[in-house]
Amino acid sequence: MPLSDCKYGSNTQTDHSHSLHSLPMAENYGKRPIRTFFDFRHTNLPENMDIKWAPLLSLTNLRGFSKVKVVSFLLGLTLTFLIVASYILTWDKKGVLFTPSPYQLRPVVIQISTATSDVSSEKSLMDMKLLVKIIGSKLQYTPRKVPDKKNIIATDSHLFTAIPRQFLPGIKSPCWYEEFSSKLGTDMYKRNLFTLRSKTFKTVCDHLRTDFHHNLLHRNGKLFRLRCLPYFYIIGQPKCGTTDLFHRLLLHPEVKFNTMKEPHWWTRKRFGYIRFKDGFQESFPVEDYLDLFDLAAHNIQEGISGNSSGDHSALQFITGEASASTMWDNQAWSYLPGDREEKEPPFLTQDFIHTVQPSAKIIIMLRDPVERLYSDYLYFKMANKSAEDFHQKVTESIQLFQSCLLERSLRSCVYNTNLSNAMPVRLNLGMYIVFLLDWLTVFHREQILVLRLEDYAANLKGTIKKVFDFLTVGPLSEQVEAALTKRPMSNTRRAADRNLGPMLPATRDLLREFHQPFNHKLATVMDNKGFFWSNS
């Protein structure tokens, strides 16, 4: 189904200038203060907050004072006010007092008492319903405008020079011949930056180096090496089973992977980032990325060289990669130098993949976003984990996202790097439909296979067959099929994390209601009620 078949709704936006303060809290929080970064236009506290203001001055007490003392007191009070006012006015000269920008987020300490946690469920439900209504209205937007191809190419001319517009006919994978220069010497992998960070890939390079020259093509006195891009990309999402799927696909004899599941080249390393928090390090050239697929290229070249024997099976070999950041991570644009005023990324990862490889196959694995977030929290947070801590972080993240929605578009909030860095849990990664719709602006619907982890776990054999059919690879032998289905699950939850138990019921209810409009839109676009995740 092409993009035009998807219904996005109207482009009208509803103005919801309401502050949504009451979010359900865990009942056993006790009387701990919760530190949030909540920045709304309307900052008046909820009516049910139990705050008692001590009177600064009682008229009864004034009667006991002499006029001199009263005048002295008032002069002192006035002087104190002037000092405080001058301090505040010089505190932040960039903005108007008490009207900060959405991401000049000031901490607000909210005292949570037993009375606060017993706020009526009706009041809390009304506030969440209002937030859900805002999300639902902002989900009705027109598709993004895809950048012109010439503008995409202009951002990285070397990338589009290294990869040709046409690939070799008769070969299933997107491959081409690149002239090999003897200047590279005998160690063509010596400077590959991936070898410095992956012992496994370094070992593969040692193996490839031994028969590298044997796989070169000799033509008109020149040498050529076969280069290949991935035939398919498993693009996300994190903690949705992509690692397990990756390792099972490796067992098919026609699938020749690179040895690195997640190179994260398209989203991070080509810009010079490994972890954004560590800052710029060194840009990984496209040649280093292509080296990751030399194992497949060598196998395909052997098939080309041996065509006289009548064995064409190697020509059907495919390769792929499974960087779980590819679907959603476009943060690199906000770190690039220059005066960038865009509220949304000017280019997305899929723009570049589609430009170099318009026929690429895309695989997406999703799961209930509520469970995904808890799994993500347990996996990436190293210390002081608890169901209560998770609840607090979820609440703070929803408040931050809610604050953004009052100022910006939904897509702007989903892609905003400052907001993403401020949220203590990766709430935005579960807003699958926003990312999927953006991928559908460049790839046709039949090029994207969307799976549910729940179906994968319940019917592994059937789901894997669906993937192989999508990749148009041959049937498996009984022996390989048995090995594939019996293989233990990869990347399962650690024992210490399992001992923490499930998330709090209050957290689950809060997240389920928050994600409801996103899931509803996803189920509509996919024409599959399973994406409601209502029975998870």
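Where in the chain is the place of His 252? His 252 sits in the loop between α8 (242-249) and α9 (286-291), where helices (H or I, at least four residues) and strands (E, at least two) are DSSP runs numbered from the N terminus. The model is predicted: local features need pLDDT of at least 70, side-chain atom pairs count only at pLDDT 80 or more, and totals for chains, interfaces and linings use all residues. Residues are numbered from 1 along each chain as its sequence is written, and side-chain values use heavy atoms, with hydrogens and water left out.

**Two histidines**

His 252 counts as buried because its relative accessibility is 2%; buried means under 20% relative accessible area, exposed over 50%, and partly exposed in between (1.4 Å probe, protein chains only). Not counting residues up to four places away in sequence, His 252 touches Phe 468, Val 473, Gly 474 and Leu 476, a contact being heavy atoms within 4.5 Å. The C-alpha atoms of His 252 and Glu 481 are separated by 8.7 Å, and the two residues are 229 apart along the chain.

His 515 lies in helix α22. With a relative accessible area of 1%, His 515 is buried. Its contacts, again leaving out residues up to four places away in sequence, are Pro 369, Val 370, Leu 427 and Gly 430.

**Chain totals**

The protein chain has 22 helices and 9 strands. Of its 536 residues, 49% count as buried. Among contacts between residues at least 6 apart in sequence, 80% join residues at least 24 apart. The chain exposes about 27400 Å², of which carbon and sulfur atoms supply 55%; accessible areas come from the Shrake-Rupley method with a 1.4 Å probe, and for residues only the protein chains shown count as cover.

A nonpolar core is a set of buried Ala, Val, Leu, Ile, Met, Phe, Trp, Tyr and Cys residues joined through side-chain atoms within 4.5 Å. The largest has 124 residues, and those with the most contacts inside it are Phe 232, Leu 245, Phe 401, Phe 514 and Phe 518. Helix α22 gives the most to this core, with 8 residues. Phe 514, leaving aside its neighbours within four places in sequence, is in contact with Met 128, Leu 131, Ile 135, Ile 398, Phe 401, Leu 427 and Met 431.

Helix α22 bends by about 45 degrees at Gln 516, and a proline, Pro 517, follows within four residues. The bend at a residue is the angle between axes fitted to the seven residues ending there and the seven starting there. After α22 comes Asp 527, whose phi is positive, near 55 degrees.

**Salt bridges**

A search of the whole structure finds 24 salt bridges, each being a side-chain nitrogen of Lys or Arg within 4 Å of a carboxyl oxygen of Asp or Glu. Side chains of opposite charge can pair when their charged atoms come close.

| Asp 278 | Arg 275 | 3.8 Å |

Asp 368 is buried, with a relative accessible area of 0%, whereas Arg 512 counts as partly exposed at 23% relative accessibility.

Asp 351 counts as buried at 1% relative accessibility, and Arg 144 counts as buried at 12%. Asp 278, the partner of Arg 275, counts as partly exposed at 42% relative accessibility.

Glu 178, Arg 225, Arg 227, Asp 291 and Asp 294 are linked in a network of salt bridges.
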